[in-house]
Amino acid sequence: MAKIRIYGALLMGLIIFNSCEEKGDFELGSDVAPIEFEAENISLSTGIVWLDSINSANLARIFVGEHSGSDFGDMTAKGYLGLDLNENSHPVLTADDVLDSVKLNFSINFLYDTSATNRALNLRAYKIGESFPADRYITTSELIQTNELIASGDVQIDTFDSVYSIDADLNWAQEIFDGIRDENATFDAQPAFSQFFPGFVFRHEGSSQNIFGLGTGSNFEVIFYYSAPLSDGSGNVANRTITMSGVGQPSFHHFTSDRSATNFAFVQETSVEYNQISELVVQSGIGLVTKLDLSDLERFANVNDGAIVNLAEMTVGPIGELPPGISPPSILLLLITDERNTLISDGGALRAIQEDGVSVISQAFPLQLRYNENDRTYTASVTSYVRGYLNDVFRRNEVFIYPANMNLSTNGFTLGLGDLEIKIFFSQLR
């Protein structure tokens, strides 16, 4: 009986094999049409929008510096930072204690131009001339700067691991030192101290040809160095310090870009789409983004009713050539917008096209287009989004190409009008 089953299986296999050899195309039956595989590019309408709401507050980094000659304009940045009195650590000072010097210590955690050149930072710190509340600030925000120069110094930035120092004004420092010694109420608690000294305005003096990112919080310190006589009557002194920092203090940066000498000089107003263009741009910091119209997906859905989407891939690039030492954003997002050209927030998150395998109406897993240095393009699969679109689950036609490091960088790139593509690989019954 077992031999009969084996011979039967072999015979069936030979019948199927011979049938395929004779007919050529694989079919489930004579009444079932074969599957046809196709590919189609989606037409993308584009424009440029200058966003007006790029947050720059409390990011552990403030920008300082100037850079001219880039494809998207001459950039200027200045930073604002409050100072923590750190009153609980103050020593008991005596009349014999002498203030020797004061240093502002800081770290650098970003360079627009990472090449070995253009690393001279001529840092100046002025006093803020108004109250500095812990509030929301954007790149267009400013506070009054006084003419009181608190600290200055010129440093050469070598590495991101180093601590750099500039000298503080001794008259300013002496007033604080004396106030602590005299137990003046101004220097007993943070609210009174913040009224006396709201914080620093940091600027670069001269043409740096670079934008520098200064660390805030514990990465910024003001150290008062003083001498205290020893109590043993020897006449010797001990070298001691009082430390204040940026911990828990508000910070933000103001950032501008003069586009008058560029191909984007026509971009004059925020939240306006400019679509009579010859070139596209994406720039972190200042908030220049490219806007896409995906409505051609609706035409595709109508023409290819019942199509099965096997893969949909988006490609951005190749981007324009960048000068040595300057890198583009490593990741791009596709943020959803509308005819108002604003960022759409939902529960604190910006609405974006989601990555494959995630619900298209979710918001926690934004799709990431990653940069490939070899071909200078960004790519990612948008298969789930296109499937959802064709099934009429979720349709949004207007999106921004938005750098993931928008708040923490000043980098960007230019792009040709034809260097954007969504290609759909799909199958349907013939």
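Let me begin with the strands: strand 18, which covers residues 308-316, pairs with strand 26, residues 420-429, in the antiparallel sense over eight bridges. Please keep in mind throughout that what we have on the screen is a predicted model. Within that pairing, Glu 313 has Lys 423 of strand 26 as its bridge partner. Strand 18 also pairs with strand 23, residues 377-381, again in the antiparallel sense, here over four bridges, and in strand 23 the residue that stands opposite Glu 313 is Ser 381.

Now let us turn to the helices. Two packed helices are described by the angle between their axes and the distance between the axes. For helix 4, residues 296-303, and helix 5, residues 383-390, that angle is about 60 degrees and the axes lie 9 Å apart, while the crossing is right-handed. Helix 4 contributes Leu 297, Glu 298, Phe 300 and Ala 301 to the contact, and helix 5 contributes Tyr 385, Val 386, Tyr 389 and Leu 390.

Which residues of helix 4 are buried? They are Asp 296, Leu 297, Phe 300 and Ala 301, and because they fall within an arc of 150 degrees when we look down the axis of helix 4, they line one face of the helix. On the face turned away from that buried side, we find the exposed residues Asn 302 and Val 303. Finally, what covers the buried residues of helix 4 includes strand 1, residues 35-42, together with helix 5 and strand 26, and strand 26 is the partner of strand 18 with which I began.

Methods. Residues numbered from 1 in each chain as written. Predicted model: local features only at pLDDT ≥ 70, side-chain atom pairs only at ≥ 80, totals over all residues. Heavy atoms only, no water. Pairing = 2+ DSSP bridges. Helix = DSSP H or I, 4+ residues; strand = E, 2+ residues; numbered from the N terminus. Axes fitted to C-alpha atoms, helices over the stretch in contact; angles between N-to-C directions. Left-handed = near helix turned anticlockwise from the far one by under 90°. Contact = heavy atoms within 4.5 Å. Buried < 20%, exposed > 50% of the residue type's maximum accessible area, 1.4 Å probe, protein only. Arc of directions from axis to C-beta.
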